[in-house]
Amino acid sequence: MTAVDPAARPGGAHPGPASLTARTPVVPPERLLAELVPPRHFAGESFDTYVPDAAHPSQREAVDRLRAVARTITDGSGRGGGLFRRASRRTPPAVYLDGGFGVGKTHLLASLAHAVGTHDAAFGTFVEYTNLVGALGFLPTVEALAATKLVCIDEFELDDPGDTVLMSRLLRELADRGVALAATSNTLPESLGEGRFAADDFLREIQALAARFEVLRVDGQDYRHRSVVTDADGLADDAVRRAVTGVPGATLDAFPALLDHLARVHPSRYGALLDGVELVGLTGVAPVPTQDVALRLVVLVDRLYDRDVPVLLGGGGEHDLFSAEMLRGGYRKKYYRALSRLGALAADGAARVTA
């Protein structure tokens, strides 16, 4: 189980809101593996809940093809490293969903995992898998994932050469053991409709595995119909403090202190850091100072978004959270995604304050 400081638990017996900086989760490997399932945000989704846009036939085609892939995986074998490879000797399916921002690729990927069965499928982001390797080691990770029929990788990162090579090797090991693969990668909002470039980059980066992947095009418009938020004003710090006071599951932290704390907690434990948390209040939000700090913040935002946890941003809010240099650099896709997700969570939090 996860161990934290009892005084740091949301709703614990101590005056005032709980603090994330007081929480030091210890996460066993079994939990890291058990959490490789579609996040709460997509827990109830399926192929039936994905509504294809008639103006973009590729959406219906992708659904039909993924249904067939699910049948192949569930009908073709036992678990990944066993009967599938020895009895049939068929190459396991490997699909890449290629499309712009907000066309439902994650919805479709989660639907595939649910169709196969979450007991037989692993679902995580690229960062979650690299963190898993960091926590368990490469070979134990291969052995654990090889026991599944399907491994889904959402938001395959194309901006970190070292991690990309690591993931390419991991996927090759799994494919050789008969595990089916499915992936998406991140695409900048301004690149909507240019998903083909993401597909080309993906296939180039996975090198020896490229020929095994079938690219499924998913065209369409951003279903959120909103732009990336990069300059939303923050709330007054006093308003953040008032909003979290007396709220079960609420936390309150000074933003600089939280950034310092993230450096002392392995990113694979950021999910556990949020156990029981229903609302996050942050005061003194200001531009992050360096790229290593920014990348840790991105991981935390992803875990908050997975869990649909509203956020109250005091101080400067999102305004200039990441520098112009960061937003132009090699990790810009991660930062834009974080801003988009944080903007949605902050809007939910601000609505609470208004209410």
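**Figure 1. Lining of the largest pocket.** Of the 27 residues that line the largest pocket, E35, E128, R303, D306 and R307 lie nearest its centre. The model is predicted, with pLDDT of at least 70 needed for local features and 80 or more for side-chain atom pairs, while totals for chains, interfaces and linings use all residues. Residues are numbered from 1 along each chain as its sequence is written, and side-chain values use heavy atoms, without hydrogens and water. A pocket is an open set of points on a 1 Å grid over the protein atoms alone, where a 1.4 Å probe fits, with protein on both sides within 12 Å along at least five of seven lines; lining residues have an atom within 4 Å of a point. The volume of the largest pocket is about 450 Å³, taken as the space filled by probe spheres set on the points. Its lining comprises 11 nonpolar, 7 polar and 9 charged residues, with Asp, Glu, Lys and Arg counted as charged, Ala, Val, Leu, Ile, Met, Phe, Trp, Tyr, Cys and Pro as nonpolar, and the others, Gly among them, as polar.

**Figure 2. The aromatic pair of F126 and F156.** Ring centres 4.9 Å apart and planes at 65° make this pair edge-to-face, a class that requires centres within 6.5 Å and planes over 60 degrees apart. F126 in helix α5 (residues 126-136) and F156 in strand β3 (residues 150-156) are 30 residues apart. Both residues are buried, that is, under 20% relative accessible area (1.4 Å probe, protein chains only).

**Figure 3. R169 and the ring of F138.** The charged end of R169 sits over this ring, 3.8 Å from its centre; the criterion is CZ of Arg within 6 Å of the ring centre and within 35 degrees of the ring normal.

Note on methods
Rings of Phe, Tyr and Trp (its six-membered ring) pair if their centres lie within 6.5 Å; planes under 30 degrees apart count as stacked, over 60 as edge-to-face and the rest as tilted. Helices (H or I, at least four residues) and strands (E, at least two) are DSSP runs, numbered from the N terminus. Buried means under 20% relative accessible area, exposed over 50%, partly exposed in between (1.4 Å probe, protein chains only).
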